[in-house]
Structure formats: C-alpha cells, structure tokens
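Please examine the sequence and the three-dimensional structure shown here.

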Amino acid sequence: MKIPRMTFGIGAILLTVSIAGFWQPPAVHAGGSGGSAPGFGREVIVDHQRITGEPSLSIDSQDRIYVSAPYGFSTTASFVWRSTDDGKTFHLVPGNVPPYGKPNVTCVGGGDSALAVDSQNRLYFADLQGLTDVSNSVSSDEGSTWLSTCNAADAIGVDRPWIAAFGDPKAGGALYQTVDEVAQCTTACGLGNVGNNIVELTRSQDGVTFTPLPAQQIEPDGIVSGIVTDSSGGVYIGHTALVDAAGNIISGGDANGNSNAIVVVRFPTGYSSPTPIPLNGQTLCQMQPATCTTYIVYAAPLDSNNNSTVTVGQDFAPIAIDTAGNLYAVWSQATVDASSGNISGPSQIYMSSSKDHGAHWSAPVQVSAATPTLQTNVFPWIAAGDAGRVNIVWYGTTTLGSCPAQPCGSSAIQAHWLVMIAQSLNALNTVPTFTTAQVSELSNHYGAVCTMGIGCSTGGDRGLLDFLSVSTGLKGEANVVWADAVNQNFVGGTSSAVIAFNRQISGSSLYTRFGKVKGTPGATGSAAGSPDAFFSANGSTTSASSNLIIQSAAIAKPDSSHYQITINVKDLTSLIVSPTLGGTDAVWLARWEVADPNGAGHTYYAAMESDGGQAPTFFDGETASIDTTHGKFLTYPPAHTITGTYTAATPGVITLTVPIADVGGSASAHLVSVTALTATQATPSSGGQTIFNQINATSPFDSRW
C-alpha cells in the first residue's frame, strides 16, 4: 500500500539535516560493460491462482526462499509462500488456512506485507491492517506455526511497514520495524510540517513485543522506503522528502505531491528506548544527535514556489548495505512541470553510494543509461553482496509517450513492460560499470503503471502494486520476484497479476569467493517434477499420494494443428485422492504463457480432472478469474473438451492432445514457463469458482519451437 503524499504549506520552522553531495545534478552515467551479464532460467510462477503484487523476498541460511504479498484491505489477508527446492516450485507455508491461504495468525491484514529472517532462521512477517496498525508474526518452524501481535506500531493511520533483523533478536540482536504515520505531524514536527507524514521506528526481541509504543516518531517524510542493519547493530532508514537548498526538510512533498530528495536516517548503535521520546518542534535527530543523524542522499532544485522540478521515488527509494558496510540507495526520477506536477520527461533509474555510514554520498549515477532504449523506468529495488557489488531490478519500457506534452510518465502511457536487472561489480567507483539483462522471459505487463498507491483510483493501472524485489542468495546469485500479468483477466481497470520468481544461473556472483554463478540452464521441451509433493496447510505438510507425484512432463507439436502434452505420474492405478490432501477432486494440469505483441499476453492450459476418483475428463482453455472490484483468483475452468488418455499403471502417463485453435491459434507461438502441476480441490472445475491446492509441480520449461 502507498498513500499519496500529503502536501501542506511550508512554514517558518525548518528541519536542517546534514548535507552530503548536495545539489549535485545526476550527471554521472553508468557504463555499459564490466563483465558477463547475469543469466536467468525459466520463470517460476509462485502461485498459479492468487492475484496480487509487490512481492517481498527473504532467504534463510538453508536456502529456503520465502515470498509474501498483500491481498488487499477488503480481504484482510496477505500470503506467505516457501520454496525448499531452490526456487523450482513454491507452496504456501504450512501455517495457512485453506482454501484461501491466509496465514493462520490472529490479526487482520492485507494492506502491505514484509519479511525478514534472523541468524537463527526465524521467519518474521509484517502485515498492514487497513491503515489502522501493523501486525507482526514470527515462526520458528519455517512458517508452520506463528506467534503474533496485532499491535506492532500502536498508531492510527499507518502505512508501509518494513522490517529488518540484526543477528539473533533473542540473544542481543533485534528486529526493527519502520512505518509511516500518515498525516499525523502536529506542531511537534514543526509548524511547517503540520499534517505531514512522519516516519517511525519500533524494536522487538521476540517478534511480537514491540517498543516503544506508540512507535518512536523520527521526522517528516514523503514515503518510508526501507530499513537495513549493519554488522555492528546500526540501523538505517530510507525515505523521500521535500528538501530546500540549505538542506532543510520542509515537507514530505510539494503542492503537487512530488518529492525532490532521498534521505537516510542513521542510528549508529540501533535504538532501544522503551518509551517514545516526544518531539518538540525538532526532529528526533536534532533533539538527540547522539541517537541518530539525518543525511541527504540527493536533492533536486525547487522552483521559486518551492515546487520540485523532478519527482523521485516512483514509488520508493530502497536502500541496501554490503558486507563491508557500504550503503546504496536507488530511485526512479523524472523531470516534472513544476506548475502542474505532471511528469515531463523520461523516468530513469539512479543510484548513490556511501562509504562512511551515510555521512557522504556519491554523485548519483544513472543506472538505466546502460539500457538506453528503455525510456520509462520505475519501481527500482537493490540488493548488495561484497563491497561494491550490487544488483538493481526495475520495470522498464521503450515507450516514452508524448513528453514533454501528455501523455507522459508511467501512469499515462500504454506500454509493454519488462523486468530488468543491472549488475555492478564496482558500484563504489566514481563511474561504475553495469551489465544488464532481462529477467522476465516475456513482457510482464501491458498498459499503464500507476505510481500513486491507493490514489491510483483516479487513473492508471495498479495491478502490479508498488514494487518488485531482488535478494542476494547464499552463493551471491540474484533472486528476483515480480508481478506477472501475462493474461487477459483485466478487471475494473486493473490487470490481474500473479507472482513470478527467477534465479540467476550464470554471470558474476555478488560474493567474490564464488566468482561465477553456476546454475542449471533453463529447461526446453520437458522438465522433471519436484521432490516437494505435499499438501501444505493447517500447520503441517501432508505427503502426496503417488497419483499426485509428477515424475516429468513434456510438450511437443506433432502437427501444425495440435500440441501434445505428456505428464508422467508415479502411479495412476487409482485416481482417488484422500480428503486429507485438501479435497477429493484431483487435477493434473499444464499451463503456459504466450506473448501478445498488441496486448498483455495469454495464459493457456490443458488438464485432466477426476472428481471423487471417477472417470476423468479432459479439457483446455484460457484463464478466467474470480472477481470483486478487481481480480482475486485466476481459475482454470473447462472451456473446451479435448482428446486425452491415461494409463492406469505404475508409472502412469497422461496424454493431452490440444487443438492449437483452442489456445491462441498460432502454430508458431513460443510457449513460455510451461509448468505441469497436480492439485486437489473441493469442487469441480466446471463451476468456474474453484480454488485448488497445489500439491506437486515440475520446474518450468519452454517449448522447443
């Protein structure tokens, strides 16, 4: 969730902060070389049904990959998934309540989600409760059971929680949470900031007891953008703001809602006050400079009316820290018409770095200069490894619009978007070099991308929500999650995205001791099933029956009119499944994506279904959806009956003959992210409203043509 920036008049009291590299225009352009570009495998769909976006990502020391995403205030739910097979497949964590999949915690949520893991592999999950408070939950058993609090901020009107763990919170470490208190600045923030957002901080040593409560107010801001900790327990919080030429925070945003500055607050020894320190017209760092310091990373000029000449963030300005303690901030920036606030030029990705804990920052580097064909770039995210080694991801498109006239900017244009990555192994240099690659195999979205949070109700497609994520894996590889809207399920002016994942398989590692990343190349034509075959719900995993365990799957094109899909299953002598696996109806399904040069792309499927162990039916189609004001679940109903067979043997083979006319009609179409899966459900697919439980899946693969 992201609330549009609150804008108010600028008064006489100014919030002065330390200035680093102030007023330096972003004139440094990244070089386009510097080693082999990162290579990626096939796209993995994290969840084939749940429609959501802005995924968070965290990886523990055993290479368990956790992903979370919010589902919306109206649902009171967010989701958490886990992969224990190196990212080949995902399940909801065991601690969820079927069929919807909300974690079985006691609190409502659905507004925003965040994840962290500590040095003992505890999993922390924050969930925003309808702007009223933040819940936080902790699991010591990989998401099977949770301890929770419904009050991790004790503040009304809060937005966008971020969490970070330092060491072991139960043994001298801490879990920190930062959040925005929306429009809650009083005269205690300074007269000129009355009504602005204010960034806050709390701390926990068990994941459920937070102090201080109410949360400690720090300073006014536009939007809080992230939190990291260093090896000594220092804490850094990034946010946007409106800053004048003297280094004063004068508001969260200007009269048009635009911010001009990137800000980092440093707590050199963390924060542990059991009670909040009231502000008195100054920021916390002004009142207690030994506790924290505010540093300006970058600020663009204001005009004579104190309106910004640029917009920064789009939406957030994330921060990262490398193993040597160097800091990095990234943001998307575009010029604006200062009178109207409308974007008037290309949106580009920038990065700045600090070698001294944020006291001084490098001149911003235009990262997207390494992808010169991309004209509109938003939602950057960054992950670091060893000193000077970073990965930056974002959504980018070649479409510019009619800039400086309208339409201009991501919210106004109709475009194909791509998931991009830029990697630097010398990001601390004055002029870093970057190698770039496309992470998504297809355009992940067609249309506009609104960057105004819930303000997108006034225009723009918010189907991707507000960010994507990248995390550094155990061997220095990039792990990327994003919103994948490759389907025709456009509902209520918004695309219907599911979460996708990809892991770097080649190119340079961010950890020097590994040198190069050495992963398995993406599969073509066929792929093996995952050993992770189980029903994950109600606090445990129940092993799959042998008729739901996929050994392999393949796709071929025997003639110009048909695809032939084969799914090899461990045992098909019986089609009966136990109700302990989530339902007595079973589906063996293959799904794939196809690009569309004129639109959002398509997700097609073919399947065999047996209801209650009875004789199977065979069908294909294109995804439908369960909708409210927007899409909630993708569904796979039987649109066409097809020819299919299965062998009642050990192993058994399912053969699906799919007329190409049923699934797009193009014999030359390249099929991407082909995935075979098994699922159980309580009702037949023919009802069109079925929510299934994924049991097993193959790794994704592409067609050979």
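R82, with a relative accessibility of 11%, counts as buried, a class that stands for under 20% relative accessible area, whereas exposed stands for over 50% and partly exposed for the range in between (1.4 Å probe, protein chains only). The model is a predicted one, in which local features need pLDDT of at least 70 and side-chain atom pairs count only at pLDDT 80 or more, while totals for chains, interfaces and linings use all residues. Residues are numbered from 1 along each chain as its sequence is written, and side-chain values use heavy atoms, with hydrogens and water left out.

**Salt bridges**

The structure holds 15 salt bridges, each defined as a side-chain nitrogen of Lys or Arg within 4 Å of a carboxyl oxygen of Asp or Glu. Three of these pairs are set out below.

| Pair | Closest N and O atoms |
|---|---|
| E142 and R82 | 3.4 Å |
| R42 and E441 | 3.5 Å |
| D702 and R42 | 3.1 Å |

E142 forms its salt bridge with R82; because E142 lies in the loop between β14 (133–139) and β15 and R82 in strand β8 (residues 78–83), this pair ties together parts that are 60 residues apart in sequence. Helices (H or I, at least four residues) and strands (E, at least two) are DSSP runs, numbered from the N terminus. At 25% relative accessibility, E142 counts as partly exposed, and a network of salt bridges links D60, R64, R82 and E142.

R42 takes part in a salt bridge with E441, and this pair links distant parts of the chain, R42 being in the loop between β4 (39–40) and β5 (44–45) and E441 in the loop between β33 (435–438) and β34 (445–447), 399 residues apart. E441 is partly exposed, with a relative accessibility of 22%. R42 also forms a salt bridge with D702; since D702 lies in strand β54 (residues 701–702) and R42 in the loop between β4 and β5, the pair ties together parts that are 660 residues apart in sequence. D702 has a relative accessible area of 2% and is buried.

**Sheets and paired strands**

Strands β12-β13-β14-β15 form, in that order, an open sheet of four strands with antiparallel pairing, where two strands pair if DSSP finds at least two bridges between them. At its edges stand β12 (113–117) and β15 (147–149), each with a single partner strand, so that one side of each is left without a neighbour in the sheet. β12 pairs with β13 (residues 123–129) over five bridges in the antiparallel sense, and A114 stands opposite A126 in β13.

β16 and β17 (residues 174–181) pair in the antiparallel sense over seven bridges, and the bridge partner of W162 in β17 is T178.

Elsewhere, strand β52 (residues 672–681) runs antiparallel to β53 and is joined to β53 by four bridges, with A679 opposite Q694 in β53. Strand β53 (residues 693–697) is mostly covered, five of its five residues being buried.

**A buried loop residue**

S496 is placed in the loop between β36 (478–484) and β37 (498–506), and its relative accessibility of 0% makes S496 count as buried. Leaving aside neighbours within four places in sequence, S496 is in contact (heavy atoms within 4.5 Å) with residues including I51, D484, N487, G631 and L634. A polar atom of the S496 side chain lies 2.5 Å from the backbone oxygen of N489.

How values were computed
Polar contact = N/O pair within 3.5 Å; in protein donor to acceptor, adjacent residues only side chain to side chain.
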